[in-house]
Amino acid sequence: MTGTYRLFGSELSPYSVKVRSYFCYKGITHEWIPRSALNQAEFQKFAKLPLIPLVITPQGEGVQDSTPIIEKFEAAVGGPSIVPEDPALAFLSALLEEYGDEWGNKWMFHYRWAYPADCWATAERIAQQMMGHQGPLAVAQARAAIAERMSGRLGFVGSNATTQPLIETSFKRALAILDRHLASRRYLLGGRPALADFGLWGQFYEAATDPTPGALMRATAPHVMAWVQRMVSPKEEGSFESWQSLEAGLMPLLHDEIGALFLPWSAANAEAIAKGSKSFEMTLAGAAWAQEPQKYHARSLAEIRRKYAQARMAELDRVLDVADCRRWLAA
Ligand SMILES: N[C@@H](CCC(=O)N[C@@H](CS)C(=O)NCC(=O)O)C(=O)O
């Protein structure tokens, strides 16, 4: 893969900054193009879905969806690998990425659009990027439209009055677990970034820029904040650790978050889609949850189950059993 790649994205998009950080780490020459009204026509020419990030290859092919983008480059380019050699650890890294992308996005999106200060601050930043070239009036109009549209979408990620306490508890718990874990290492799996870092980091990077979760992070999680900075342009600083040395730090996240919340939620969401239900309700770790199903997640659950079926082995199953994750993956 030679030549310059173009990456349409936004500083405000967790999946876009995730791919940008990955390109930086791999030394993939690219032009970062903030998506705006000015490049809408070109964006549409290459995008199959109205989503960022969008990568355009030197050959003129458009590639979307951050996980497949990273997997495509990981298979094709040299440079430091983001996949540990131990296949069990490689699967756990993919599971952590999936949790960041799909569950971590709930924290980020909820805080960003449910709290008025966060909503207006973000709407202002997006409006500047999209319409800044047209002057202050256009920005003010766009800001109001974005705030209204995005706060109206809170329900799509499952943020509502019923789920708010659980989403916020989950964010604070994950932050505390990761802060302890990152106190003694540079990246989630040791001295170099793994797929897990990129997925979780995109969400935390965005949360750090927003008033409400950003204040929480600065007050309670200095090691996560340092990692958030480090991951803007990550470096290979050492090796991946073994699961043995990572287990004490990461098992609480696997057990209390992924096994207790994310995977049971994913399974219930997929079941609701299969049944054609308009909404689903459940109890998650003793708390009430109710939302309309999210289509995209059923596909990504199927994908992580496929990866599990491929990686399956006794050592991995032991870890997944302790974390109470395996029954959701083997389904
Ligand atoms: N699964 C996709 C998600 C991409 C996505 O949801 N992008 C958001 C921004 S973070 C978007 O473009 N939303 C469309 C919009 O806001 O109009 C990925 O990983 O790339």
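Helix H4 gives the most to the lining of the largest cavity, with three residues. Helices here are DSSP runs of H or I with at least four residues, strands are E runs of at least two, and both are numbered from the N terminus. This is a predicted model, where local features need pLDDT of at least 70, side-chain atom pairs count only at pLDDT 80 or more, and totals for chains, interfaces and linings use all residues. Residues are numbered from 1 along each chain as its sequence is written, and side-chain values use heavy atoms, with hydrogens and water left out.

Stay with the cavity. The structure holds one cavity of 30 Å³ or more. A cavity is a set of points, on a 1 Å grid over the protein atoms alone, where a 1.4 Å probe fits but cannot get out; a pocket is an open set with protein on both sides within 12 Å along at least five of seven lines; lining residues have an atom within 4 Å of a point. The largest cavity has a volume of about 30 Å³, the space filled by probe spheres set on points joined across faces, edges and corners. Its lining is Asp-86, Ala-88, Leu-89, Leu-92, Trp-243, Glu-315 and Val-319. Helix H4 (87-114) and helix H13 (314-322) are the elements that give two or more residues to this lining. By class, the lining residues are five nonpolar, no polar and two charged. Ala, Val, Leu, Ile, Met, Phe, Trp, Tyr, Cys and Pro count as nonpolar, Asp, Glu, Lys and Arg as charged, and the others, Gly among them, as polar.

Of its 15 lining residues, Glu-71, Val-83, Ala-90, Ala-94 and Lys-307 are the closest to its centre. Helix H3 (66-76), H4 and helix H12 (295-311) each give two or more residues to the lining. The largest share, five residues, comes from H4. This lining has ten nonpolar, two polar and three charged residues.

Now turn to the ligand. Around it are Ser-13, Pro-14, Tyr-15, Pro-50, Leu-51, Ile-52, Pro-53, Asp-65, Ser-66, Arg-149, Arg-153 and Tyr-296, each with a heavy atom within 4 Å of it. This shell has seven nonpolar, two polar and three charged residues. A side-chain N or O atom of Asp-65 is 3.0 Å from a ligand nitrogen. A polar side-chain atom of Ser-66 lies 2.6 Å from a ligand oxygen. For Tyr-296, a side-chain N or O atom is 3.2 Å from a ligand nitrogen. The protein covers 77% of the 510 Å² of accessible area that the ligand has on its own, by the Shrake-Rupley method with a 1.4 Å probe.

Ile-52 and Pro-53 are joined by a cis peptide bond, with omega about 5°. Pro-53 is found in the loop between helix H2 (40-46) and strand E3 (54-56). Asp-65 has a phi near 80°, a positive value in a residue other than glycine. Asp-65 sits in the loop between strand E4 (62-64) and H3.

Note on methods:
Polar contact = N/O pair within 3.5 Å; in protein donor to acceptor, adjacent residues only side chain to side chain.
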